[in-house]
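Hi everyone, thanks for making time today.

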Amino acid sequence: MTTTPSAQRARPFALVLAAASLPMFMATLDNLVMTNALPVLHEQMGASVEELQWFVNAYTLVFAGAILVASALGDRFGRRTVFAIGIGVFGIGSVLAALSTDPGQLIAARALQGLGGAGVMPLSLALLSGAVPAARRPLAIGIWGGISGLGVAVGPLVGGAIMEGWDWQAIFWINVPVAIIAIPLALLVLRNDFGARARIDVPGAVLAAAGVIALVHAIVRGNDDGWDSAGVIAEIVLGAVLIAAFVWWQTRTASPLVPLRLFRDRSFSVTNVIGFAFSFGTFGAVFLLIQYLQVVQGSTPFEAALQTTPWTLAPMFVAPLAGLIAPRIGTRVLMVAGLGMQAVALAWIAAIMAPDTPYPALVVPFLLAGIGMALVFAPSATALLATLGLVDHAKASGVNSTVRELGVALGTAVMTAIFVGAGGALTPDLYVDAARPAVFTGAAVLLGATLVALRLPAGRSESGTDAATAVAEKDPALQPVG
């Protein structure tokens, strides 16, 4: 049966937003909760710098490797069905993470969380986009971006508060009641939309996941084993060959995980380049800066969380406004401004970073970075789907989520490699001089993303409605079935 726009409008707007966004909030919350806990885990678990990376990257790599498959499964078996299963898997991974007693167990549990997150993030946006009328879609995506920003904002605060009063395990236990509420809410409120019910591209999924893991693992071990060592060089070559084979396979298979025709759409292709660079520069720097406040400046986890609120709270307030005004002034203007602000902010922070830097000196660049993030969050989601039909929304969102998670993983790995290569260690006297070039690298990547963003279409709509989506709603061939 075809899901008609009128049927979608019957769903209460607020409930649809809550059902689609609550699980996504849970997943985004967990990323920075984890980052804020790293110094504590270093002390209590005896985790090495490399293991601290894998606490982050085990999640992001599995997430990135499974997103495209999850999107395809959603198209075939129902997006709401896969969405609910993803929430459940994420909750189970959270329980196992809380019960972990050594770094290996925690890394494995984080990987399971990543598998669940892969079924949540891309389908969240696809379900929301398909469940609200086109005229309200920019507002819905803006609020969705704001809720994502809220997860970023309260993640360090929640993590810091929990570790002040409880043990680190509680940062994972808090996901369990959220999952218990989110699953029935999604099943009751969201429609079980379907996309093209094509065969799942298993070879493509294996090639993509193996290629990415090989590249990231080579970067992580490069400083320890030597960048000219046979093992590191072999992994880099293997990763490049596997990714090239994945692209070749996508041109040959009848049911590709990534329909390469999507990249003929300039808005889609440029948005994905920006998404990778944005995640690479921003979250790679956050990985180091959260620890700087604790390791160098002696802040407790909760104090460090409070100190970063000018950065992390801004997206919660600014992102919904950015999503609302994007159709009027254009996504390109907002994203160029946001990326430029972040590049300036990171360069500013790197320039003044020192063991005795007073906190007030960091407030303005933190705030600048936060507003910049907010100006990218919601407009990027709008630009991604701007000229695509509803039938492509799940796969398009899946590709973008994959690209962004790869940016997180590679950004963390590359900046940590720069940090370690410069003689960095988790001690106050060795941290700053090594962290500074890594943060400058993040600023340079964001500056490059700013220049790329100039290639975006203007992204304005006089009516405030996404034109391509309006066309899709009128064309039965482009409708999801459910």
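**Cores and helix packing**

Let's begin with the largest nonpolar core, which has 83 residues, and in which Leu41, Phe55, Leu106, Trp311, Leu346 and Tyr431 have the most contacts. By nonpolar core I mean a set of buried Ala, Val, Leu, Ile, Met, Phe, Trp, Tyr and Cys residues joined through side-chain atoms within 4.5 Å. Buried is under 20% relative accessible area, exposed is over 50%, and partly exposed is in between, with a 1.4 Å probe and protein chains only. Helix H12, residues 266-296, supplies the largest share of this core, 16 residues. Apart from this core lies another one of 51 residues, including Ala70, Leu123, Trp144 and Val399.

A quick word on where this comes from: the model is predicted, local features need pLDDT of at least 70, side-chain atom pairs count only at pLDDT 80 or more, and totals for chains, interfaces and linings use all residues. Residues are numbered from 1 along each chain as its sequence is written, and side-chain values use heavy atoms, leaving out hydrogens and water.

Helices here are DSSP runs (H or I, at least four residues), numbered from the N terminus. So what does H12 pack against? One partner is helix H16, residues 331-352, at an angle of about 30° with the axes 12 Å apart. Axes are lines fitted to C-alpha atoms over the stretch in contact, and angles run from 0 to 180 degrees between N-to-C directions. H12 and H16 are therefore roughly parallel; the cut-offs are under 35 degrees for roughly parallel, over 145 for roughly antiparallel, 65 to 115 for roughly perpendicular, and oblique for the rest. On the H12 side, Ile274, Phe278, Gly281, Thr282, Ala285 and Leu289 meet Met335, Leu339, Gln342, Leu346 and Ile349 of H16. By type, the residues of that contact are 8 nonpolar, 3 polar and no charged.

Next comes helix H19, residues 428-453, which packs with H12 at about 160°, the axes 9 Å apart. That makes the two roughly antiparallel. Their contact divides into 22 nonpolar, 4 polar and no charged residues. Nonpolar here covers Ala, Val, Leu, Ile, Met, Phe, Trp, Tyr, Cys and Pro; Asp, Glu, Lys and Arg are charged, and the others, Gly among them, are polar.

Now zoom in on Tyr431. Setting aside neighbours within four places in sequence, Tyr431 is in contact (heavy atoms within 4.5 Å) with Leu288, Gln291, Tyr292, Val295, Val296, Phe419, Ala425 and Leu426.
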